[in-house]
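Colleague: Could you walk me through this model, one question at a time?

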Amino acid sequence: MTTIKEIAELAGVSRGTVDRVLNNRGAVHPKTAEKILDIARALDYRPNKAGTALAAQKKKYRIGVILFSRHNPFFDEVMEGVQKKAAELQDYGISTITRRVEFDADAQLSAIDELMGEGIHGLMLAPCNHICIQKKIDELVSRQIPVVTVNTDIEGSRRMAYVGSDYFRGGCMAAGLLALMTEGEIRLGIITGSSSVLCHTERVAGLRHTLEKSYPRIRVIELLENHDDEFESYALTGQLLKRHPDLDALFFAAAGVHGGCRAVEESGLRPKIITFDEVPTTLEMLKKGVISATISQQPHRQGARSLDLLFEYLTSGTVPEQQEHFVEHSIRIRETYD
């Protein structure tokens, strides 16, 4: 088994320097740290579990968690994954401090500052795709606070890893499903969450890309944002159907599915509907036949894996071998539950 002493000899540094890098204790020159981590990975270094537990208990690491809206059932499930993993890590002295905020960059910045004030050592974040959030992530990383983005990513930041779906591919899958379910010229309406959230825009981009490339007969008539709010989704969908009573299909790229489907039921129209996730209200509409198909993205795993990556880095200096950790997409139809 590789030891810290062996790594130190190969790197030409002291054992104390190696310990600081592997356990994220104190400042080490970035090039030196990178060299040590490269050697540790090459030798498949694995820290002593008992020693790791003892060190973590003494350090009492705090990990901040910021997810979107308290009224978003999908993120309730992500949080359940976080809480289950946090319970497993209690013996290592790990605690979590959680916040839920709306799709607002300023609110997210305030939540990050609050957690920094409470002395967090790492941050799990579902970020708004805004330059001020990117800069804040970079600030945290420069202060040796690692950041893992969960469920939705952010462009250009120094975050350590992303855990979630490949949203562009998810949009491509939704386009393929619509093509299988329809014939002839199709008029499609899109209800998305927010243009400031990368996962929402990526899903729509994937859908549009596949439609333009392979299924030009399916034409997007209108795109609306519901900010993941059920009441707003109900109102917007109702208005959309009144403007376009000949609409053939609907694509819900984010939350607000139940409110939108209620508007569809009341309209008396029966467009094909593609959604995401398996929250109870979405499954209710799927089983009733209002929704044609939904695409699942493992929310519990997203929450648990994100916390696990931060834990591994904080306690042993283990940097993820890859920056993107995609969960599996799976398609659900009514007959899945018969």
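Colleague: How are H11 and H12 arranged, roughly parallel or roughly perpendicular?
Modeller: Keep in mind that this is a predicted model. Helix H11 covers residues 257–267 and helix H12 covers residues 280–288, and their axes lie 9 Å apart at an angle of about 30°. Angles under 35 degrees count as roughly parallel. The two helices are therefore roughly parallel to each other.

Colleague: Which kinds of residue make up the contact of H11 with H12?
Modeller: On the H11 side we find Val257, His258, Cys261, Arg262 and Glu265, while H12 brings Thr281, Thr282, Glu284, Met285 and Lys288. Sorted by kind, these residues are three nonpolar, three polar and four charged.

Colleague: How many residues does the largest nonpolar core have?
Modeller: Nonpolar side chains tend to be buried together in soluble globular proteins. Ile66 is among the residues with the most contacts inside the largest core, along with Leu67, Leu123 and Ile133. Beyond its sequence neighbours up to four places away, Ile66 touches residues including Val101, Ile112 and Leu123. A second, separate core has 19 residues, Ala174 and Leu178 among them, while the largest core has 53 residues.

Colleague: Is serine 292 buried or exposed?
Modeller: Serine 292 sits in the loop between H12 and strand S10. Leaving aside neighbours within four places in sequence, its contacts include Met181, Ile274 and Ile333. Buried means under 20% relative accessible area. Serine 292 has 19% relative accessibility, so it counts as buried.

Key
Residues numbered from 1 in each chain as written. Predicted model: local features only at pLDDT ≥ 70, side-chain atom pairs only at ≥ 80, totals over all residues. Heavy atoms only, no water. Axes fitted to C-alpha atoms, helices over the stretch in contact; angles between N-to-C directions. Helix = DSSP H or I, 4+ residues; strand = E, 2+ residues; numbered from the N terminus. Parallel < 35°, antiparallel > 145°, perpendicular 65-115°, else oblique. Contact = heavy atoms within 4.5 Å. Nonpolar A, V, L, I, M, F, W, Y, C, P; charged D, E, K, R; others polar. Core = buried A, V, L, I, M, F, W, Y, C linked by side-chain atoms within 4.5 Å. Buried < 20%, exposed > 50% of the residue type's maximum accessible area, 1.4 Å probe, protein only.
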